[in-house]
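Notebook open, viewer open. I wanted to go through this one piece by piece and jot down what I looked up.

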Amino acid sequence: MATESLILLVLLFPLLGGIINGIVGKNLSESLIGIIGTAMVAIPFIISFSIFLSLDKAIQIPLFTLIQMSKFSLNAGLQVDGLAIWMTMIITGIGTLIHIFSMGYMKGDSGFHKFFAYLNLFVFSMLILVLGSSFFMLFFGWEGVGICSYLLIGFHYNDKEKGMLNTLAARKAFVMNRIGDLGLLIACFLLIGKFGSLEFTEIAIKMKTIPIGMDSLAIISITLCLFLAATGKSAQIPLFTWLPDAMAGPTPVSALIHAATMVTAGIYLVVRSNFLFELAPYTQHIILYIGLATSLVAAFIAMRQNDIKKVLAYSTVSQLGLMFVALGLGSYSVAIFHVTTHAFFKALLFLGSGSIILANHHEQNITKMGGLKKYMPTTHMVFLIGTLAIAGFPFLSGFFSKDEILAAGFGHGPIIFGLLILSASLTAIYMFRMYFLVFFGEFRGDNHTRDHLHESPAVMTIPLIVLAILSIFGGALNFPSFMIESGSHWLDDFLSHSTFGLSAVHPHHLDTTIAVGIMIGTSLLTLTIIGISYIIYVTKKKTTKEESEFIGWEKLSTKKLYFDELYHSLFVKPIEWKSLNVLPFIENGILYKIISILTAFVVSSGNQIRKIQSGILSSYYFWMIIGIVGLIGYYLIYFKFWNS
Amino acid sequence: MAGQLATIQGLTVDYYFILSTVLFSIGAIGLLTRKNMIVMLMCIELMLNSVNLLLVAFSSYFGTGDAQIFVFFIVVVAAAEATVGLSILIMAYRNNRNIEADLLNNLKG
């Protein structure tokens, strides 16, 4: 079959799965629901893999026209190129594994069918996002993943203890994302105003005919609005506080949506519109600094979080910050490389934590864990691999992708490079603090939980093992050129070969000696940190304190640098004050008065007018005659004086 | 033909016109002033027939026959209409034991 129809199948299957599970899922058995949900993501993965193998150039697939105006038409269409198909494979591939895992994790949940329906719909929206041929399609998918994220964060909204918190977290994520979405909408309008189109290729072509200067106001405002959208979805400063709260959702959701796929939509958006960003070095600088700041702030906060998922959430924010650093430096394919490896190891870590949480009777506090190594050998193994990969242990996937970002940053001054190294080291520190606290030492929970500690079933461990293998070998996608003779930078080549605009951007390659130097330096740093962490947490058996007992910088970290409190007093409080003090005056004093005058007028005029409806037949007849005589008289006079 | 009036059986069309107007006015005023529904129905018939008369008179005046045929149809329809009107009246009488039109004022606002 031709690619055109195959790609439609890729979109159709998850939608179909969502509809089936959403409508008739209530009456199906859990295993059937799970198999349908998983198959509807697994089949698109196979299809997209076959497309990936045969893809040689970008393909446009127009579908239908939504709005037709004289000068502007809004079309729904798809576009398959290297970037799109690569993202599709990540989404469906990781999605399949997480669906399988969910079959075990969500077992016995009353909303089992609903969960799989939402997940399928999420995959559908995300595929629209990456496969759309225009900013409009992207926006459609963007909103789709937003609503699915909202539904899944608040999935256990009727939970007895945490129901309210889950709902609030979902609402926070939704509201925060709205701010970013506004940026995307404004960017769309600006693009229509400037180029008269939202199609990626059309804009790219028109950029050659319409002269648009470097750093002109138009291009800066467009790119800044696009970046605002990216900060919302990808949880960057200033809109990052929703992501850690989004961990209220079930753990597979955190793995799929809030680590591997949806939060990378912002990075995809920037890479997709790279031809715009290349014209705006000013915006690129902003992206670089925001990314760097986010990466450091999030890493700092992650240092003293005691909730296992919160640590991973802040680590996600930190890694996303690193990806934005790569984007700010113009290394688009490097950012996608880190997206890919991050999807592998972060999905692994989240699913691993899901396995741990399930074994601990939904206890997420790491002060209540410890010594899980002997109870959960498989989970321990894969979690160790994930931790090593994210920390940048030599020759694992994270090592290569993070190294490329460091190499890209090397040319931009010692301060940026130093801060990048700092961020990477902080990653290793907080990840190994968590790892040692969870798996080593004595179990610190209650006896009842200890008696029930167990390894998760195969349906959960098999996806973990697959992800662990990917996390180990994921670096092979983009080997640096000095390590192997041929086939180096495969992902760079693949992406720039068939993605518009990327071929124009040449990745910055360092001298071999410097590159090897950076690699060896970071490896030694990571190994040192692991060693020190081992001494602190295993040899000296140091355990962490409760969150309320922290003081000094630790308190600052555990309180998330007071970002929530800051936003609360900056935005929520003033609005609350306004609602309580100003609005009653306007409402009672002005609006209510106007409305009551209006209603009084309507009532009194109605009372007057209804007297006409007397019920007396001859009075109706009398008015009828008056009317007829009046009309005849009018026409007689009219014809007499005006027509003759 | 201006100035010269054609006659119908020795009378000019003016007389028919005046008669018809007088009949129509009687009907209209009767409908206004009387409360008995039978009388009101009769007044309506009177108005209708005055118009019929005018139609026939003008038809004859212009020397065409189609309006005269038309009037036959109107008479038939008016007969059917009078039947309906009378039967409504009977029902009203059964309900109210009275045929005063002003008693039927349930739609008063």
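Pairing first: I count two strands as paired if DSSP finds at least two bridges between them. Helices (H or I, at least four residues) and strands (E, at least two) are DSSP runs, numbered from the N terminus.

Ground rules. This is a predicted model, where local features need pLDDT of at least 70, side-chain atom pairs count only at pLDDT 80 or more, and totals for chains, interfaces and linings use all residues. Residues are numbered from 1 along each chain as its sequence is written, and chains are lettered from A and ligands numbered from 1 in the order in which they are written.

**Entry: the strands**

I looked up strand E1 (residues 59-68) of chain A and found it running antiparallel to strand E2 (residues 73-80) of chain A, with eight bridges joining them. E1(A) and E2(A) make a hairpin, and four residues sit between them. I noted two of the bridge partners: Phe64(A) goes with Ala76(A) in E2(A), and Gln68(A) goes with Ser73(A) in E2(A).

Is E1(A) buried or exposed to view, I wondered? E1(A) is hardly covered, as the count of buried residues among its 10 residues is zero. My cut-offs: a residue is buried if 20 or more other C-beta atoms lie within 10 Å of its own, exposed if 12 or fewer, and partly exposed in between, with C-beta atoms placed from the backbone.

**Entry: chain A overall**

I got 25 helices and two strands for chain A. The C-alpha trace of chain A spans about 110 × 65 × 50 Å along its principal axes. Of the 644 residues in chain A, 48% are buried.

Next I checked contacts (C-beta atoms, placed from the backbone, within 7 Å). Among contacts in chain A with a separation of 6 or more, 81% come from residues 24 or more positions apart.

The domain assignment, automatic or from a database, gives domain 1 (310-547) and domain 2 (583-643) for chain A.

**Entry: the core**

How many residues does the largest nonpolar core have? It has 190, and Leu226(A), Ala326(A), Ala335(A), Ala347(A), Leu348(A) and Val438(A) have the most contacts inside it. By "core" I mean a set of buried Ala, Val, Leu, Ile, Met, Phe, Trp, Tyr and Cys residues joined through C-beta atoms within 7 Å. I followed up Ala335(A): leaving aside neighbours within four places in sequence, it is in contact with Ile267(A), Val271(A), Met323(A), Ala326(A) and Leu327(A).

Helix H3 (residues 82-105) of chain A has 24 residues and reaches 34 Å from its first C-alpha to its last, close to the 34 Å expected at 1.5 Å a residue. The expected span is 1.5 Å times one less than the number of residues. H3(A) is largely enclosed by the rest of the structure, because 23 of its 24 residues are buried.

Helix H5 (residues 135-153) of chain A has 19 residues and should span 27 Å; its end C-alpha atoms are 26 Å apart, which agrees. With 15 of its 19 residues buried, H5(A) is also largely enclosed by the rest of the structure.

I found Arg433(A) in helix H18 (residues 414-439) of chain A. Why does Arg433(A) count as buried? Because it has 21 C-beta neighbours inside 10 Å. Not counting residues up to four places away in sequence, Arg433(A) touches Ser533(A) and Tyr537(A). Tyr534(A) is 101 residues from Arg433(A) in sequence, yet 8.7 Å away in space, C-alpha to C-alpha.

Arg450(A) is in helix H19 (residues 447-451) of chain A. It is partly exposed, with 14 other C-beta atoms within 10 Å. Beyond its neighbours within four places in sequence, I have Arg450(A) in contact with Phe443(A) and Gly445(A).

Gly589(A) is in helix H24 (residues 563-609) of chain A. It counts as exposed, since it has 9 C-beta neighbours inside 10 Å.

Key:
Contact = placed C-beta atoms within 7 Å.
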